[in-house]
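Please read the numbered points alongside the sequence and the model.

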Amino acid sequence: MKSYIHLSYFCVLLAKINIITAQKYDCGYCQPEQVHIAFGSKSNDIVVTWTTFNDTHESRVQYGAGALDEEASGGRSRFVDGGRLRRSMWIHRVTLADLRYDTKYVYHAGSVYGWSEKFSFKTPPRGDQWLVRAAIYGDMGNKNAHSLSYLQDEAERGHFDVILHVGDFAYDMDTDNALVGDEFMRQIQPLAALVPYMTCPGNHEAAYNFSNYRSRFSMPGPYESMFYSFDLGPVHFVSISTEYYYFLEFGLKMLSTQFQWLDRDLREANKPENRARHPWIILYGHRPMYCSNSDDIDCSVEYTRKGLPLFGAFSLEPLLQQYGVDVVIWAHEHSYERTWPLYDSKVYNGSVDQPYRNPGAPVHIVTGSAGCQEETNKFKPAPAEWSAFRNSDYGYTRFLAPNHTHIYFEQVDVEKGGEVIDSVWVVKDAHRPYNI
Ligand SMILES: *[C@@H]1O[C@H](CO)[C@@H](O)[C@H](O)[C@H]1NC(C)=O
Ligand SMILES: *[C@@H]1O[C@H](CO)[C@@H](O)[C@H](O)[C@H]1NC(C)=O
Ligand SMILES: *[C@@H]1O[C@H](CO)[C@@H](O)[C@H](O)[C@H]1NC(C)=O
Ligand SMILES: *[C@@H]1O[C@H](CO)[C@@H](O)[C@H](O)[C@H]1NC(C)=O
Ligand SMILES: [Fe+2]
């Protein structure tokens, strides 16, 4: 009897060894890196994206509320950079669907050939009656990323439900055969693996038809992350590519597709039943409709606002009026500027005492001073009457949306050790198209 048990144990052992040797380890560069997350098609779907340099033949995320006891798998695609070396890598995407609301999850991502370190994130609460907290900024590079340590610190302390990076990454992701892109994605991992990192393309992403941007990020919807919208608490966020207006060499088709999509999306968001749940419509894109910087031609070229030259096709400002968009956020200028409520270069203050209470037009915020090698931009000496506050220090914007009537923005100045240098409450008793 005794020897029989030993024998069978020996057989099991042999079988195990067989299984292990059958699975040949043949993957040289398969350690996951550049891990980041984003919201999927709803706020309790989280998409995990990461990179390996060789094909792992599987893309898995092990996760759970507390322990790694669940698993999801997804796909991967080979990304070939357009540079001389045609460097290639595998971009893996796994959706963690139907997560529990308001729950802290842990996860690691990878394959049998290697797991990332363990990260965690918290899903947002259900519905619209909760305080949304965001960090918002554009124009952050590998070099001179002044705000990054502040952002990482706040992200790790759980201060943000979402981060919006409003275009211009790395400077540039394709530089040096996309090694700069790899390094940037590693630099943001401490934030972007913990908090949904939502993006839009900027001019620095244009190389090879935005291929690094489209391949490395995974935003909701079918348009290769170039434009999309998502709901979070009381806010409907809309992200667009302003760059379609400036890089016409890649074709007019996507510009027209985006315009039609945006019209539909805003019309849908403005329907009474939708606006009752997500009354705040906040749109973001890279190049501003209004700015008063001194050294940038883009403050006088207004393609997104007025449409393409000659015919004014695809002009966006009328959509903001027609669908009652509350706030629009831009970057590109490496500075911070807030406007009074503004339409067609005219100010529509709510009242003399309370310009942002029931304002008569959208409010614009330009926040592109996170920090990059191009440093900051100065302002024209005498701003137009629509300019309410301007500052050229490095920093980023914090955003709060507590409820249906109130939202809040403040500007953090990292050159002053994180001091808040500007703040504004926008208050609305009702959300509807502007009467202009
Ligand atoms: C594996 O990755 C290395 C490093 O990026 C690369 O040089 C090599 O070509 C890759 N091999 C395959 C088969 O993809
Ligand atoms: C650029 O990419 C878009 C898809 O985002 C595609 O529709 C378009 O044809 C591409 N343009 C060129 C010139 O390759
Ligand atoms: C808008 O309100 C601000 C603050 O009260 C004021 O300084 C500015 O002059 C107003 N603009 C117009 C056009 O009424
Ligand atoms: C909305 O939030 C603001 C700021 O926190 C607060 O003053 C206001 O009372 C809240 N309104 C409701 C209806 O909860
Ligand atoms: Fe830019």
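1. Ala-134 has Val-162 in β12 as its bridge partner. The strands concerned are β10, residues 132–137, and β12, residues 162–165; they run parallel and are joined by four bridges. As background, the strands of a sheet pair through backbone hydrogen bonds, in either a parallel or an antiparallel manner.

2. β10 and β12 belong to an open sheet of six strands with mixed pairing, in the order β14-β12-β10-β24-β25-β26. Because β14 (197–199) and β26 (419–427) each have a single partner strand, they stand at the edges, and one side of each is left without a neighbour in the sheet. On average, and with direction ignored, neighbouring strands of this sheet are turned by 20° against each other.

3. The segment after β26 contains Asp-429. Is this residue, Asp-429, buried or exposed? Asp-429 is exposed, since 8 other C-beta atoms lie within 10 Å, and a residue counts as exposed at 12 or fewer. Apart from its neighbours within four places in sequence, Asp-429 has contacts with Asn-358 and Thr-405. Gly-251 lies 178 residues from Asp-429 along the chain, and the C-alpha atoms of the two are separated by 42 Å.

4. Ligand 1 is surrounded by Gly-28, Tyr-29, Phe-53 and Asn-54. The shell of ligand 1 divides into two nonpolar and two polar residues, again with no charged one.

5. Two helices deserve a separate remark. Helix α2 (residues 148–156) packs with helix α3 (residues 179–192) at an angle of about 30°, and their axes are 8 Å apart. On the α2 side, Leu-148, Leu-151, Gln-152, Ala-155 and Glu-156 take part, meeting Gln-187, Pro-190 and Leu-191 of α3. The residues of this contact between α2 and α3 are five nonpolar, two polar and one charged.

6. Finally, a word on confidence. The protein chain has an average pLDDT of 94, and 95% of the residues score at least 70. Where pLDDT is low, predicted coordinates should not be read in detail.

Note on methods: Residues numbered from 1 in each chain as written. Chains lettered and ligands numbered in written order. Predicted model: local features only at pLDDT ≥ 70, side-chain atom pairs only at ≥ 80, totals over all residues. Near = placed C-beta within 6 Å. Nonpolar A, V, L, I, M, F, W, Y, C, P; charged D, E, K, R; others polar. Pairing = 2+ DSSP bridges. Axes fitted to C-alpha atoms, helices over the stretch in contact; angles between N-to-C directions. pLDDT = per-residue confidence, 0-100. Contact = placed C-beta atoms within 7 Å. Buried ≥ 20, exposed ≤ 12 C-beta atoms within 10 Å, placed from the backbone.
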